[in-house]
2 protein chains.
Amino acid sequence: MIDSLNPPTRRQLLTMIGKTGGAMALYQAMTVLGHAADSQFNGPPKLSGARPGSTVLVLGAGLAGMLAALELTKAGYKVQILEFQNRAGGRNYSVRGGDTITELGSTQQVQFAPGNYLNPGPWRIPYHHRTVLHYCKELGVELEHFAQLNHNAFIHRKDAYGGKPQRYRDLYVDFKGHVAELLSKSLNAGALDTAVTAEDKAKLFQAMREWGVLDKSMAYTKGMHVGEQRGWERAPGGGVNGAPIPGDVGTLSDTLSTKVWEQIGFYTEHVMQTTMFQPKGGMDHIGKAFAAKVGKLIRYNTKVTKIAQDDKGVSASWVDTKTGATGETHADWMVCTIPAPVLNQMDFQISETKKAAIRALPYGNSVKIGLEMKRRFWETDYAIYGGHSFTDQPIGLISYPTGNFFGDGPAVILGAYPFGIGAYMLAGMTPEKRIAAALDQGQVFHPAEYKSEFRSGATVAWSRMPWILGCCATWTEESREKHYQDLVAMEGRIVLAGEHCSYYGCWQEGALLSSLDAITRLHQRALAA
Amino acid sequence: MIDSLNPPTRRQLLTMIGKTGGAMALYQAMTVLGHAADSQFNGPPKLSGARPGSTVLVLGAGLAGMLAALELTKAGYKVQILEFQNRAGGRNYSVRGGDTITELGSTQQVQFAPGNYLNPGPWRIPYHHRTVLHYCKELGVELEHFAQLNHNAFIHRKDAYGGKPQRYRDLYVDFKGHVAELLSKSLNAGALDTAVTAEDKAKLFQAMREWGVLDKSMAYTKGMHVGEQRGWERAPGGGVNGAPIPGDVGTLSDTLSTKVWEQIGFYTEHVMQTTMFQPKGGMDHIGKAFAAKVGKLIRYNTKVTKIAQDDKGVSASWVDTKTGATGETHADWMVCTIPAPVLNQMDFQISETKKAAIRALPYGNSVKIGLEMKRRFWETDYAIYGGHSFTDQPIGLISYPTGNFFGDGPAVILGAYPFGIGAYMLAGMTPEKRIAAALDQGQVFHPAEYKSEFRSGATVAWSRMPWILGCCATWTEESREKHYQDLVAMEGRIVLAGEHCSYYGCWQEGALLSSLDAITRLHQRALAA
């Protein structure tokens, strides 16, 4: 009931609407209240009243599995988790000095200095991934800013500027300058007189002049006004020689040859926009925080070989990878978060449509390579603090560490993060050759320092990780259309969860939202059973 | 000498070139080595060999004055500083709970909770302000990221969207979408066929489609591709209802009415680009770090009334504002960092040209208002973490705190930061009325929370600060042309320093670079004398 003297809080109002009007009414109300646009997350699920003694078996102790265990336990279920690895977290993973990385065909001993780390999997959290942010807060995971858009980082294209990397800011300012000049030329020529009103045309002239930092004749040319954005041939200073000297601007052809609009577009993606975050000290602090809550429910080193269900319950057959012991775990319900490429190889008693969906679900490949350097030369010598330098070489980009800006001592650059062809090329190499390739390619940005300051490397090729055999789900429009609902539909007593069961493929937010959706449906089914 | 076996470091090379070839050769070498473009700073000055017993009187214990004292002391001079206030730092200033703010005509007792602060003066440090960054490192000032560009913050224009604030990301995506659509229309119509080559024209089509997220018919329309950047009517989620729903896009006319290009331009300014920094816990940590080095040289509460010089030395007459005692301090040389509006009112024995420069130097006005809120509703309820929401009301903008993201308890929003007319309007009010006006105007962004969550406020109108009577130097092209060199020229035994004696007016970098330039010239003059 709404107390007429004390108006309800937004949350109270939404809860009330949800109870009385159902999900659609709730969604409409959320939209009106301005919440839904940013995230489908609207607080943790309020599950309660599980039938006494009801049990749930969760397969996989990644974020989706552990969140399911956490919330189902709260609801009154007895939960057990089976996990293939000897650690919780799944792709929520950080490697540090002393760790061993085991790929198919190789192992690496990580040599990083204390405090340094590489996040082989997820590494950044957008401001609107409210589920991740909520559980970080609830579980006490300390977040810090993640430097995403750095105007001073580089773009390298083999066929642009003779292969010499350019500062993002220079190309960005050149690009909008040329676009503005061309559009104002078109306006002047009357080419758009039928498309825009006279009033908008006047505003567009003003917009192009100001946005494009054009000169008085509406041309994009070298000058102080451009220097104010693009930076300088000689920077402003103090005293008698303080006057800055503007630098040359790039030509239209040179600018277009860099395809800088791809990076502008990248930085504008909703999931890539500022402000971003990372857990301080490594992404795996999230997994560890979940494990601190549900770790006692996890059976590690447990390779599931068969999944079955009947009218009365579910079962998973398994082998203990340490002892060789085999067993079978039974429960009333199951949340299966095993990645599709692995699930696809299992004896899984499920419908043909779901099997087809699992089989058809494409997983992307990706490789990360951490390069520990003796010192932060990118900060001291290049004034680059965090962010990414992009290249059209196979490594795709290099990314500078956000944590501990201005720190002394060694620091880890992300030396490669390709998807697609670049990832397959690198994944085909041994870790040592991968690291050497990353040094070869990345030195285009920092030729004097990259190899001489190198200390040690570590790399993960996700297609070679035996417990997932790929990086993450990369649905196409067609595969989604055909298989997505089949994949996520609860079938009997089993529901799947994970980033592959969401529209946020490859993001932790997708894993968590999928898990919340899956357990909410499981709970409804269990209560109705 | 270059050791042929051990190639010199960049720094050694530059030092060597500077010694043998002079400033111009040094500058050319720096340009070749890629340094000069970012900053005129090339390490602290290596002054040494002051004549035994030489003395320097520094007027003003702001950053310029304290840096001069620090480096001149290293060079062997005996330095004394006279400071009007009872603290060091000048505009490098933070106010906290328990502080008193004394303006002409009013005093405020600041009520902020422990740990909270307002930086009334400088508040952010660009990545290329190498002098500030250098001394922060040298003096042990801990810096943290400053959130500058936040795609999720608002833009409010009284005459756009019925006065309803829009997310920056929405307007930014709409703006480039419409520009891309119009430019591709012009290209299609052949309007630019004489201006661009056929090859560039083809690239421009591709650029406009990708950069503008245009649809297949090269139009900027609602759709999934736009949602990927602009965000969603319903965000992507997990499980059965995971599919996102794209939102409407803004029309060309609506987009132009917001003048969003002004903000795009703002974020693109060289001094406003990411990555930015702030000292953790308040900007005054820089001033305090300098004072920890040179504080013992400072005479506080000392109002200089007269400055004179002759062939043998300089003198400053002063009044102790606490005791009323008067005195006169003598030295061989002087660095005067007193701001022009105050210097202009003094008995200053200097040439008419320098007096004219001091008189003509325009100082901008600015007002800052800190609003302490009971909780970080902008983070929890709006997903805004740092950055600025802009308005065309007198307050100009509100800015969200960077430090302590996700923190519980009260936090301080910068509730106003106008220059120009808005600043004069607010400076004309009492502090209480200023704070009330900031609450009135700022609530446009957060109507449900802004007033109900308000806890306490603090404000500084720089035109009302008795020791400066303005915010900072805002040279025009004309005033610079006419007076700048007169202002910075060393005259006899006196040299001026401060941000007003630089091309980085209103920035700490300008104050420091000006100081380095001034003391370098002073030292040369002293050695030659």
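Which residue forms a disulfide with Cys472(A), and how far apart are their sulfur atoms? The partner is Cys506(A), and the two sulfur atoms are 1.9 Å apart. The model is a predicted one, and all values here are computed from it.

**Disulfides**

A search over all chains of the structure finds 2 disulfides. In chain A, the bond joins distant parts of the chain: Cys472(A) belongs to strand E26 (residues 472-473), while Cys506(A) is in the loop between strand E27 (494-496) and helix H16 (508-528), 34 residues apart. The link of Cys472(A) and Cys506(A) is right-handed, with 90 degrees about the S-S bond. Cys472(A) counts as buried because its relative accessibility is 4%, under the 20% cut-off. Cys506(A), at 30% relative accessibility, counts as partly exposed.

In chain B, Cys472(B) and Cys506(B) form a disulfide with their sulfur atoms 1.9 Å apart. This pair also links distant parts of its chain: Cys472(B) is in strand E26 (residues 472-473) of chain B, and Cys506(B) is in the loop between strand E27 (494-496) and helix H16 (508-528) of chain B, 34 residues apart. The torsion about the S-S bond of Cys472(B) and Cys506(B) is about 90 degrees, so this disulfide is right-handed.

| Residue | Relative accessibility | Class |
|---|---|---|
| Cys472(A) | 4% | buried |
| Cys506(A) | 30% | partly exposed |
| Cys472(B) | 3% | buried |
| Cys506(B) | 30% | partly exposed |

Cys336(A) is in no disulfide, and the nearest cysteine sulfur, that of Cys501(A), is 8.6 Å away. Cys336(A) is buried, with a relative accessible area of 0%. In chain B, Cys501(B) is in no disulfide, and its nearest cysteine sulfur, that of Cys336(B), is 8.6 Å away. Cys501(B) is buried, with a relative accessible area of 1%.

**Aromatic pairs**

Over all chains, a search of the structure finds 53 aromatic pairs. One of them is formed by Phe175(A) and Trp261(A): the ring centres are 6.3 Å apart and the planes are at 40 degrees, so the pair is tilted. Phe175(A) is in helix H4 (residues 168-188) and Trp261(A) in helix H8 (residues 260-268) of chain A, so this pair links distant parts of the chain, 86 residues apart. Phe175(A) and Trp261(A) are both buried.

Trp378(A) and Tyr400(A) form another aromatic pair, tilted, at 6.3 Å centre to centre with 40 degrees between the planes. Trp378(A) lies in helix H12 (residues 377-380) and Tyr400(A) in strand E23 (residues 397-400) of chain A, so the pair ties together parts 22 residues apart in sequence. Trp378(A) counts as buried at 0% relative accessibility, and Tyr400(A) is buried with a relative accessible area of 2%.

Ring pairs also link residues of chains A and B: Phe175(A), Trp211(A), Trp261(A), Phe175(B), Trp211(B) and Trp261(B) belong to a cluster.

**Charges over rings**

Where does Arg493(A) lie relative to Trp333(A)? Arg493(A) lies over the face of Trp333(A), at 4.4 Å from the ring centre. In chain B, the charged end of Arg480(B) sits over the ring of Tyr503(B), 3.8 Å from its centre.

Terms used. Residues are numbered from 1 along each chain as its sequence is written. Chains are lettered from A and ligands numbered from 1 in the order in which they are written. This is a predicted model: local features need pLDDT of at least 70, side-chain atom pairs count only at pLDDT 80 or more; totals for chains, interfaces and linings use all residues. Side-chain values use heavy atoms; hydrogens and water are left out. A disulfide is a pair of cysteine sulfur atoms within 2.5 Å. Helices (H or I, at least four residues) and strands (E, at least two) are DSSP runs, numbered from the N terminus. Buried means under 20% relative accessible area, exposed over 50%, partly exposed in between (1.4 Å probe, protein chains only). Rings of Phe, Tyr and Trp (its six-membered ring) pair if their centres lie within 6.5 Å; planes under 30 degrees apart count as stacked, over 60 as edge-to-face and the rest as tilted. A charge sits over a ring if NZ of Lys or CZ of Arg is within 6 Å of the ring centre and within 35 degrees of the ring normal.
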